[in-house]
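I opened this model to take notes on its fold. The entries below follow the order in which I looked things up.

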Amino acid sequence: MKTLNFGNVTIDRIQDWYGALLELTTFYPTYNQAEMDANRDWLEPHFLPVKGSLREEMLHLSLHTFIVRTGSRVILIDTCVGNDKKRTVIPDWIGRNSDYIEKLAAAGVSPQDVTHVMCTHLHHDHVGWNTKLENGRWVPTFPNARYIFDKVEFEGWANKQDDHGLDGAYADSILPVVDAGRADLVASDFALDDNVWLEPSRGHSPGHVCINVKGTKGQALFTGDSFHHPIQVAHPEWYTAFCMDKDQSTAARNKILNKLCDNDIWMLAAHFNDPTAARVVSNGARRKLKV
Ligand SMILES: [Zn+2]
């Protein structure tokens, strides 16, 4: 993804992982191959393997962190799976050893520079680098950062820590941040300042939020896991097998699309493959992405 320059705000992305996660028919209970094929003209080649290519039946996902720089602030949005985590669900993510910190450094960010970490929700692929292992203990990776978690999301998982969507992350990537006094549990309309504010998009998880970022010359919405694949821009009724409330998540997608469509606001989703940043435009009776 090329740097987005909004005047007094810039946005970059570092990618931590890309791969084939699950079969599309498993991920989307209402998956329809004809509807996917009808959108190939704009999905290929960035967002869908070309017809007949290897593992085309799989959902291909990116894991990445967005870096938002506003004046003196350096904000990370979602922190991928992290290193050394005892996960069980996705083989590639178990005890991972990635060069994430080096990639951050290449983007000009040291852990000490980060002023805020914001998580759209607390699934294990969005919170991993919140902490790192140090002398056998999980400690905040970004020692000077405030970590912004939606209060409903934090409390909604407290009694469901064995959920497969967390896969152990609550204990090793959330609670150590809270115990270290670095977490701010905020309302779903929390505003960091005039440039950065939350808006609720419940359904995928109990307290899922989108994050608005606005500069003097541009605006973006970080949509987290309200969308996993761009096909949901054309078919917002496609919920995932991992949505906590499918009707609520579909309502959230429709609300987001109504906000973004033909409005020159960049859509920055947590799992869309490079170039990731795109705008939502009308496409007949439906919508599509324009990269
Ligand atoms: Zn995710």
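**Entry 1: overall.** I am working with a predicted model. I then took the extent of the C-alpha trace, which spans about 50 × 45 × 35 Å along its principal axes. For the radius of gyration I got 18 Å; a compact globule with 291 residues would have a value near 19 Å, so the protein agrees with that expectation. Of the 291 residues, 46% are buried. I also checked contacts with a separation of 6 or more, and 70% of them are between residues 24 or more positions apart.

**Entry 2: the sheet.** In what order do the strands of the open sheet of 7 strands run? I read it as β1-β2-β3-β4-β5-β8-β9, and the pairing is mixed. β1 (4-5) and β9 stand at the edges with a single partner strand each, so one side of each has no neighbour in the sheet.

I followed the β1 end. β1 and strand β2 (residues 9-23) run antiparallel and are joined by 2 bridges. I noted L4 opposite I11 in β2, and N5 opposite T10 in β2. The two strands form a hairpin with 3 residues between them. In that turn, G7 has a positive phi of about 85°.

On to the next pair: β2 and strand β3 (residues 58-70) are joined by 13 bridges, again antiparallel. One facing pair I wrote down here is Q15 opposite H64 in β3.

**Entry 3: the core.** Which residues have the most contacts inside the largest nonpolar core? That core has 77 residues, and I found V68, V117, L122, I211 and F222 to be the ones with the most contacts inside it. β3 gives the most to this core, with 6 residues.

I picked L122 and listed its contacts, leaving aside neighbours within four places in sequence. They include V127, F149, E153, F154 and W157. L122 is also in contact with L166, A169, Y170, I174 and S205.

**Entry 4: I14.** I14 has its place in strand β2. Is I14 buried or exposed? I counted 22 C-beta neighbours inside 10 Å, and the cut-off for buried is 20 or more, so I14 counts as buried. Not counting residues up to four places away in sequence, I14 touches H64, T65, I67, K103, L104 and A107. I also took a distance to L175, 161 residues apart from I14 along the chain: their C-alpha atoms are separated by 25 Å.

**Entry 5: helix α7.** In helix α7 (residues 169-179) I found A169, D172, S173, I174 and V177 buried. Why do they fall on the same side of α7? They cover an arc of only 160° around the axis, which puts them on the same side. On the other side of α7, A171 and D179 are exposed.

I then looked up what covers the buried residues of α7. The cover includes α5 (124-127), β6 (131-134) and β7 (137-140). It also includes β8 (146-150) and β9 (183-186). Two of the buried residues, A169 and I174, are among the contacts I listed for L122. Last, I checked what follows α7: G181, with a positive phi near 75°.

Key:
Residues are numbered from 1 along each chain as its sequence is written. This is a predicted model: local features need pLDDT of at least 70, side-chain atom pairs count only at pLDDT 80 or more; totals for chains, interfaces and linings use all residues. A residue is buried if 20 or more other C-beta atoms lie within 10 Å of its own, exposed if 12 or fewer, and partly exposed in between; C-beta atoms are placed from the backbone. Helices (H or I, at least four residues) and strands (E, at least two) are DSSP runs, numbered from the N terminus. The arc is that of the directions from the helix axis to the C-beta atoms. Two residues are in contact if their C-beta atoms, placed from the backbone, lie within 7 Å. Two strands pair if DSSP finds at least two bridges between them. The radius of gyration is taken over C-alpha atoms; the globule rule is 2.2 Å times the number of residues to the power 0.38. A nonpolar core is a set of buried Ala, Val, Leu, Ile, Met, Phe, Trp, Tyr and Cys residues joined through C-beta atoms within 7 Å.
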